[in-house]
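Colleague: Could you take me through this one? I would like to start with the contacts and then move on to other things.

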Amino acid sequence: SQLLGISLTDGSSSRQMLLNGYFKVASGMIEGTPAIGAPVFVSEEIGKFDFTAPSGSSDFVRIVGYCIDIDNGDILLRFKPDNTWVEIT
């Protein structure tokens with residue numbers, strides 16, 4: 001039920017958030033095995049992206065986008081968070 005965005009701030013005083021678009025995600029921020037065309041989920045770890053849907057009790061499952069390309073472990077993410085989600089009970 002939350003608005004999701006990716007911070008584009010580089011430490012300057014301006015604040016910018018990506019709400020919908022393309023974003024290069026560094027390999028260190030990725031969990032699971034990247035695959036082109038695969039959905040990318042909210043991770044249980046803050047600031048990370050996961051190729052495996054959460055499955056634990058009280059976890060939220062929400063797709064945040066899709067992998068468009070892979071480059072040396074980094075991915076190009078089509079960031080478009082789904083408006084639907086489920087909580088595992």
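This is a predicted model: local features need pLDDT of at least 70, side-chain atom pairs count only at pLDDT 80 or more; totals for chains, interfaces and linings use all residues.

Colleague: Which residues touch the most other members in the largest nonpolar core?

Modeller: Those are Val40, Phe49, Phe51, Ile75 and Leu77, out of 13 residues in that core. A nonpolar core is a set of buried Ala, Val, Leu, Ile, Met, Phe, Trp, Tyr and Cys residues joined through side-chain atoms within 4.5 Å, and buried means under 20% relative accessible area, with exposed over 50% and partly exposed in between (1.4 Å probe, protein chains only).

Colleague: And which strands each supply at least two residues of it?

Modeller: Strand E8 (63-71) and strand E9 (74-79) do, and E9 gives the most, with 3 residues. Strands (E, at least two residues) are DSSP runs, numbered from the N terminus.

Colleague: Switching to charges, how many salt bridges does the structure hold?

Modeller: The structure holds 2, a salt bridge being a side-chain nitrogen of Lys or Arg within 4 Å of a carboxyl oxygen of Asp or Glu. One of them joins Lys24 and Asp74, whose closest N and O atoms are 3.7 Å apart. Lys24 lies in strand E3 (residues 21-25) and Asp74 in strand E9, so this pair ties together parts that are 50 residues apart in sequence.

Colleague: Are those two buried or exposed?

Modeller: Lys24 is exposed, with a relative accessible area of 51%, whereas Asp74 counts as buried at 18%.

Colleague: What about the side chains of Glu45 and Lys48?

Modeller: They meet in a salt bridge as well, at 3.7 Å from N to O. Glu45 counts as partly exposed at 41% relative accessibility, and Lys48 also counts as partly exposed, at 25%.

Colleague: How far apart are Asp71 and Lys24?

Modeller: They are 9.5 Å apart in space, C-alpha to C-alpha, and 47 residues apart in sequence. Asp71 is found in strand E8 and is partly exposed, with a relative accessible area of 41%.

Colleague: Which loop holds Asn72, and what is its phi?

Modeller: Asn72 lies in the loop between E8 and E9, and has a positive phi of about 55 degrees although it is not a glycine. At 74% relative accessibility, Asn72 counts as exposed.

Colleague: And Ser58, where does that sit?

Modeller: Ser58 is in the loop between strand E6 (49-50) and strand E7 (60-61). Ser58 is not a glycine either, yet has a positive phi of about 75 degrees, and Ser58 is partly exposed, with a relative accessible area of 47%.

How values were computed:
Residues are numbered from 1 along each chain as its sequence is written. Side-chain values use heavy atoms; hydrogens and water are left out. Helices (H or I, at least four residues) and strands (E, at least two) are DSSP runs, numbered from the N terminus.
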